[in-house]
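Here is a quick walk through one chain, written for someone who likes to know the cut-offs. Have a look at the model first, then read on.

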Amino acid sequence: MKTLITLSFILLMAIAATPQEKNYSDLTVTTDSPLALQLYNQGVEDLVSVKISEASDNFTKAVELDPEFMMANAMAAMENLFTNHPDQFKAYANRAINSKAQLNESEKLVQMAMKKMVDDPQADVTQYGQELVSLNPKSYFAHQLLVTFQQMARDSEGIIKTCESMLSLTDKPGPVYNMMGYAYMATNQLDKAKDSFEKYLKAEPDNANAYDSMGDYYAKTQDFDNAQQSYMRAYQMDSTNFMISQQKAEKIKEQVAEK
């Protein structure tokens, strides 16, 4: 859902449009456009809620308003990387790398990670996430970026460790339990995976992604009836962002029919 809070927008536009650092959660970003900042913040929130199309839209609009907005370009790049759009990834990553904004030390680390990823798509950029967390030990978003880099490196044990730290940094642990669930599945710790996904469902019972994730767990353990039910529940709750859940349910149905 695209959200523009009119009153906040009016107040922000009253501020002189000079380069400034603004705070998203607890990690600062640099932009000279208040509206671009607002769109970026909404985009990050959309990503956390697994509203991928909305996130992409908001990052794109943020970059259009402020082409030098390094973090908006970086987030757009990573979103395109994970949705398998390599050309768009390179375009946004290069804009992040070439940004002329006066960046803080945390942003420079993200920028260096982008450069290494462009030079070598298989590069392990975990070190930049670790340095980011060292600079911002109380930052939830810094930890989230570290997890993103660990996912790229397929470091499931590292993800579990980072997520354990993240639980103490938020009063909304649902997304953390979700990441832990997948990391536990990747390391074949299936009981812990189930427990994590159940905690995700309990924390966010109205989030379609919680049901899609539970469906992935059931599919992994070959509990196909529950997998189909979970996938269809996700699709029924949010058919825009979770058409893939319906596709997963159909694929399972075909596989079961073939046996």
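Asn188 sits in the loop between α10 and α11; helices here are DSSP runs of H or I with at least four residues, strands are E runs with at least two, and both are numbered from the N terminus. Asn188 isn't a glycine, yet its phi is positive, at about 60°. Most residues other than glycine have a negative phi. With 55% relative accessibility, Asn188 counts as exposed (buried is under 20% relative accessible area, exposed is over 50%, partly exposed is in between, with a 1.4 Å probe and protein chains only).

Asn84 is another non-glycine residue with a positive phi, near 65°. Asn84 belongs to the loop between α4 (70-82) and α5, and its relative accessible area of 63% makes it exposed.

A word on the ground rules: this is a predicted model, where local features need pLDDT of at least 70, side-chain atom pairs count only at pLDDT 80 or more, and totals for chains, interfaces and linings use all residues. Residues are numbered from 1 along each chain as its sequence is written, and side-chain values use heavy atoms, with hydrogens and water left out.

Axes are lines fitted to C-alpha atoms, for helices over the stretch in contact, and angles run from 0 to 180 degrees between N-to-C directions.

| Helix pair | Axes come within | Crossing angle |
|---|---|---|
| α8 (residues 140-152) and α10 (residues 174-186) | 12 Å | roughly 20° |
| α10 and α11 (residues 190-203) | 8 Å | roughly 160° |

The α10 and α11 angle makes that pair roughly antiparallel, whereas α8 is roughly parallel to α10 (under 35 degrees is roughly parallel, over 145 roughly antiparallel, 65 to 115 roughly perpendicular, and the rest oblique). The crossing of α8 and α10 is left-handed, and so is that of α10 and α11; left-handed says that the near helix is turned anticlockwise from the far one by less than a right angle, and right-handed that it is turned clockwise.

Which residues make the contact between α8 and α10? From α8 come Tyr140, Gln144, Val147 and Gln151, and from α10 come Pro175, Val176 and Met179, with contact taken as heavy atoms within 4.5 Å. This set splits into 5 nonpolar, 2 polar and no charged residues (Ala, Val, Leu, Ile, Met, Phe, Trp, Tyr, Cys and Pro are nonpolar; Asp, Glu, Lys and Arg are charged; the others, Gly among them, are polar).

Gln144 of α8 is a buried residue, at 15% relative accessibility. Setting aside neighbours within four places in sequence, Gln144 touches Met166 and Met179.

On the α11 side, the α10 residues involved include Pro175, Tyr177, Met180 and Tyr184, which meet a group in α11 that includes Leu190, Phe197 and Tyr200. The residues of this contact divide into 11 nonpolar, 4 polar and 2 charged.

Elsewhere, Ala91 lies in helix α5 (residues 86-97) and is partly exposed, at 37% relative accessibility. Ala91 and Val118 are 27 residues apart in sequence and 9.6 Å apart in space, C-alpha to C-alpha.

Zooming out, the chain has 14 helices and 2 strands. Of its 259 residues, 47% count as buried. Among contacts between residues at least 6 apart in sequence, 49% join residues at least 24 apart. The accessible surface comes to about 13,400 Å², with 50% of it belonging to carbon and sulfur atoms; areas come from the Shrake-Rupley method with a 1.4 Å probe, and for residues only the protein chains shown count as cover.
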